[in-house]
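Trainee: I would like to go through the terms used for this model and see what stands behind each one.

Mentor: Go ahead; look at the structure before you ask.

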Amino acid sequence: MTHRFTLSRRSFLAGTAAAGGLSLGFSLPALAQDAPTGDIPEMNAWVVINPDNTVVVRVAKIEMGQGTLTGLAQLVAEELECDWDNVTWSYPTPGENVARSRVWGSFGTFGSQGIRTSHQMVREGGAAARMMLVQAAANRWGVDAGTLSVSKGVITGPGGETLTYGEVAADAANLEVPTEVALKDPADWTIAGSRVLRLDTTGKLDGSQKYAIDLKVDGMMLAAIKQTPVMGGKIASIDADAVMGMPGVQRVVQISDEAVVVVADTWWRAKTALDALPIEWDLGENASFGMADLEAMLDEGLSATEAFVGNQSGDVAAAFESAAQVLEADYHYPWQHHATMEPMNAMALVTDDSCEVWVPTQNAETDLAVAAETTGLEIPQCEIHRINLGGGFGRRASAADYTVVALKVAMEMKGTPVKVIWSREEDTTHGTYHPTTKARMRGALDADGNLTALHMRISGQSIFAGLMPFALQNGMDPLTFQGLQADGPEGQLGYTVPNLLVDHAMRNPPVRPGFWRGVNNNQNAFYLESFMDELADAAGKDPLEFRRGLMQNHPKHLAVLDKVAEGIGWDTPAPEGRFRGLCQHMGYGSYVAAAAEVSVDDRGALTIHKIVAATDCGHVVNPQQVEAQIEGSFAYGLSAGLLSQVTMEEGRVQEENFDTYPIVSMWEMPAVESHLIPSGGFWGGVGEPTIFVATPAVMNAVYRATGQRIRELPLSKHDLTPQ
Amino acid sequence: MPTLVVNGTSMDFDAEPDTPLLWVLREQLGLTGTKYGCGVAACGACTVHIDGIATRSCQMQIQDIRPGEEITTIEGLSPDRSHPIQQAWAELDVPQCGYCQSGQIMAAAAFLHDFPEPTDEDIKQNMTNLCRCGTYNRIKAGIKRAAELS
């Protein structure tokens with residue numbers, strides 16, 4: 001039934017570009033097969049109903065903590081009209097998706113897209129299944145389907161007779177899948193839109209959930225990896241004999257110019273031997289690169305004459321000429337590491353004619369393409385097992401470097417499953433880092449304190465250039481301008497500035513960039529929303545009022561900002577010794593704002609007493625999970641704002657573990673009050689947007705508290721002790 | 001062959017004496033609920049109880065475990081997820097990705113034993129495990145709820 005086709009890795013990676021919210025084309029040849037798999041006949045790709053009335057919802061996206069699994073199941077169950085207590089779930093595999101003409105769409109789970117890009121298809125899947133089940137009951141009773149009613153998986157006939165879904169599922173599965181289905185008005189939702197508990201919690205309470213790092217299969221060997229400490233460096237020599245006699249050691253495998261693994265019967269023994277392995281490196285041309293080089297590179301871009309234009313209106317030069325007041329300030333956002341709690345890992349089993357990979361991945365179809373390309377096997381000979389992630393945050397969205405490594409080791413040991421686990425140190429020093437940039441912000445004010453011009457020059461790193469250069473558009477990385485564009489459903493600037501220029505001087509240091517939860521919105525919001533406060537001060541205006549004056553054409557942006565202002569009590573004085581800041585931004589289709597109330601004591605210690613956050617994501621599928629994402633976003637976003645950064649010296653990442661790459665803990669975590677104000681009519685994401693506003697809200701409050709304008713992150717670089 | 005008493009059962013294993021308890025639990029005894037996060041006792045994902053004391057098992061070599069010491073892992077905290085911390089965690093939907101939660105739950109269970117009526121400040125001072133998803137506020141609420149359930 002199958003026919004050979006060539007699946008280029010590029011086409012998969014093009015799909016991965018959507019991580020940043022772009023709609024790049026994704027064409028994928030399909031196999032001439034469209035048959036379901038499994039013992040129980042399915043209703044359709046999304047729904048299987050067992051005789052005992054349990055409902056298996058197939059989930060194309062992957063769960064990594066963000067709650068998408070439960071949200072997608074709620075949407076299916078809502079249209080299916082089943083009993084939520086009977087809902088369970090399963091993951092189709094990438095191999096099945098390809099074999100079935102990609103009936104589940106993209107597996108890519110990034111860009112806060114899980115629900116907003118697949119709500120239509122999953123709801124239609126649930127609705128179609130319901131129609132088939134009702135029709136099957138109608139056929140059995142010999143009545144018109146329109147005379148039946150359905151509730152919680154029980155179909156009631158005109159005479160009050162009942163059948164359960166489980167009783168008619170086998171019949172229903174033989175019916176034609178309806179092509180036209182009507183979906184409910186969200187106002188009528190009962191399961192979707194409700195605060196149901198997650199479907200995947202139980203195994204996280206007793207240690208029974210298996211992450212990929214936990215998997216054990218017969219005959220499995222474990223590998224520890226060491227990669228070049230400097231990007232572009234190579235292995236000069238390895239003395240494998242020095243460690244071959246150590247306990248448990250099976251093999252030393254140099255998998256490329258840049259990496260070596262030790263394979264042993266346990267990972268601890270593999271790591272112990274790897275630490276003892278003599279390795280000579282040829283570190284190459286980047287071995288002298290350090291922060292001074294980065295500074296020079298980024299500073300040069302701040303005033304460079306050539307730059308890619310991301311948003312432009314009016315005549316900025318003329319407006320600056322005629323300004324009553326010009327304000328200028330430079331900002332900097334450092335590299336960040338994802339620091340997933342589960343370190344990078346992957347397991348592969350390769351034979352002469354097959355390949356299996358077990359991997360925590362945000363885009364298993366990329367891993368499938370990588371498996372075929374790396375092994376030289378055909379796609380149908382390869383399969384990826386999708387395992388819930390111990391954190392993703394973008395690190396597991398695109399590079400698939402861990403999968404390539406596992407495959408290369410497994411190819412050296414055919415027939416033996418090999419699991420490669422990164423030590424925390426190896427993980428931290430070989431990330432795909434949040435890109436680093438600087439920004440030169442220039443604003444022109446007229447005599448009345450109105451903003452007449454804004455020039456935002458971004459200088460620095462492009463994710464596309466470093467990770468997927470084919471996605472560049474005439475050399476430009478449009479993703480750099482996230483949240484700063486004039487319009488579009490993905491993200492748009494919330495201010496109308498008569499003369500505006502946002503441009504990017506691309507400067508790429510020798511460090512691998514990546515998509516880091518929130519992506520370029522993070523620094524763009526930090527730069528712009530901090531500078532908005534600076535401009536307000538220069539204009540002698542209240543930060544909220546100054547913003548409001550520019551937001552009359554942006555009612556949704558304004559609504560979330562007003563909401564947090566109301567929530568924090570902006571119109572009333574803060575308690576003695578406390579100070580407030582606020583900000584807003586739009587990204588991944590959602591409007592978000594935050595307000596912070598802080599104090600700084602006489603030793604310079606910051607306390608964040610309270611955060612108020614607001615989100616308009618159009619429709620809310622599970623309020624308590626959206627709140628969880630908002631709260632968690634302050635932990636993730638404020639880690640970058642307050643504590644963490646990746647630095648380079650002598651070409652090496654200096655931070656290796658949580659002792660040198662600190663993240664927000666219970667100690668720093670603020671109380672968060674979340675306001676969900678979905679205005680309907682669109683679907684926005686929730687996994688990332690609040691990250692954008694976490695840091696600028698706090699830094700604006702820090703300024704009010706201390707008079708210090710924080711233009712370089714993290715805050716821990718600065719002494720807040722009152723002078 | 002050396003043995004450890006884990007979750008009430010005496011278990012044999014094969015590892016060098018300087019092997020961290022974490023890796024004996026995970027690789028020799030099949031108890032993978034205890035997680036590897038950092039290996040330097042900075043994150044707490046590997047927290048277990050040794051004679052009831054919350055201990056970061058990545059920094060505890062098996063040669064330093066004294067005969068008779070009882071080790072409890074997340075798998076042995078309760079037979080049916082009935083420990084008040086587990087009940088509260090379920091009620092409040094605390095976990096996100098869940099990877100750190102074995103350690104969080106073990107740390108919280110030991111903490112609750114020492115602080116049966118915990119204040120916010122007690123929790124802030126003593127719950128030092130890291131969570132990258134940022135479940136801290138629900139952890140805090142979960143501990144307080146567990147105190148009510150206890």
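Mentor: Start with a side chain: a polar atom of Gln362(A) lies 3.0 Å from the backbone nitrogen of Gly394(A).

Trainee: What makes the 3.0 Å between Gln362(A) and Gly394(A) a polar contact?

Mentor: A polar contact is a pair of N or O atoms within 3.5 Å; within protein, one must be able to donate a hydrogen and the other to accept it, and residues adjacent in sequence count only if both atoms are side-chain atoms. The distance to the nitrogen of Gly394(A) is 3.0 Å, and the backbone nitrogen of Ala397(A) lies 3.5 Å from a polar atom of the Gln362(A) side chain.

Trainee: Why is Gln362(A) called buried?

Mentor: Buried means under 20% relative accessible area, exposed over 50%, partly exposed in between (1.4 Å probe, protein chains only). Gln362(A) has 2%, so it is buried. Its place is the loop between β16 (355-359) and α10 (364-375) of chain A; helices (H or I, at least four residues) and strands (E, at least two) are DSSP runs, numbered from the N terminus.

Trainee: What is the basis for all of this?

Mentor: This is a predicted model, in which local features need pLDDT of at least 70 and side-chain atom pairs count only at pLDDT 80 or more, while totals for chains, interfaces and linings use all residues. Residues are numbered from 1 along each chain as its sequence is written, chains are lettered from A and ligands numbered from 1 in the order in which they are written, and side-chain values use heavy atoms, with hydrogens and water left out.

Trainee: Why is Val263(A) also called buried?

Mentor: Its relative accessible area is 0%, therefore Val263(A) is buried. Val263(A) lies in strand β11 (residues 259-264) of chain A. Beyond its neighbours within four places in sequence, Val263(A) is in contact (heavy atoms within 4.5 Å) with residues including Met221(A), Val249(A) and Met413(A).

Trainee: How do you know that Asp214(A) and Arg26(B) form a salt bridge?

Mentor: The rule asks for a side-chain nitrogen of Lys or Arg within 4 Å of a carboxyl oxygen of Asp or Glu. Here the N to O distance is 2.9 Å, and the pair qualifies. Across the interface of chain B and chain A the rule finds five salt bridges, and 28 residue pairs are in polar contact there (both at pLDDT 80 or more).

Trainee: Which helix gives the largest share of the side of chain B that touches chain A?

Mentor: α5(B) does, with five residues. By class, that side of chain B has 22 nonpolar, 13 polar and 14 charged residues.

Trainee: What does the buried area between the chains amount to?

Mentor: Buried area is the accessible area (1.4 Å probe) that two parts lose on being put together, summed over both. For chain B and chain A the value is about 4,600 Å², with 56% from carbon and sulfur atoms. Gln96(B), Tyr99(B) and Arg132(B) supply 19% of the area that chain B buries there, more than any other three residues.

Trainee: How many salt bridges join the two domains of chain B?

Mentor: Zero, by the rule. Domain 1 (3-76) and domain 2 (84-149) of chain B have bounds from an automatic or database domain assignment. Between these domains of chain B, eight residue pairs are in polar contact, and about 1,100 Å² is buried.

Note on methods
Ala, Val, Leu, Ile, Met, Phe, Trp, Tyr, Cys and Pro count as nonpolar, Asp, Glu, Lys and Arg as charged, and the others, Gly among them, as polar.
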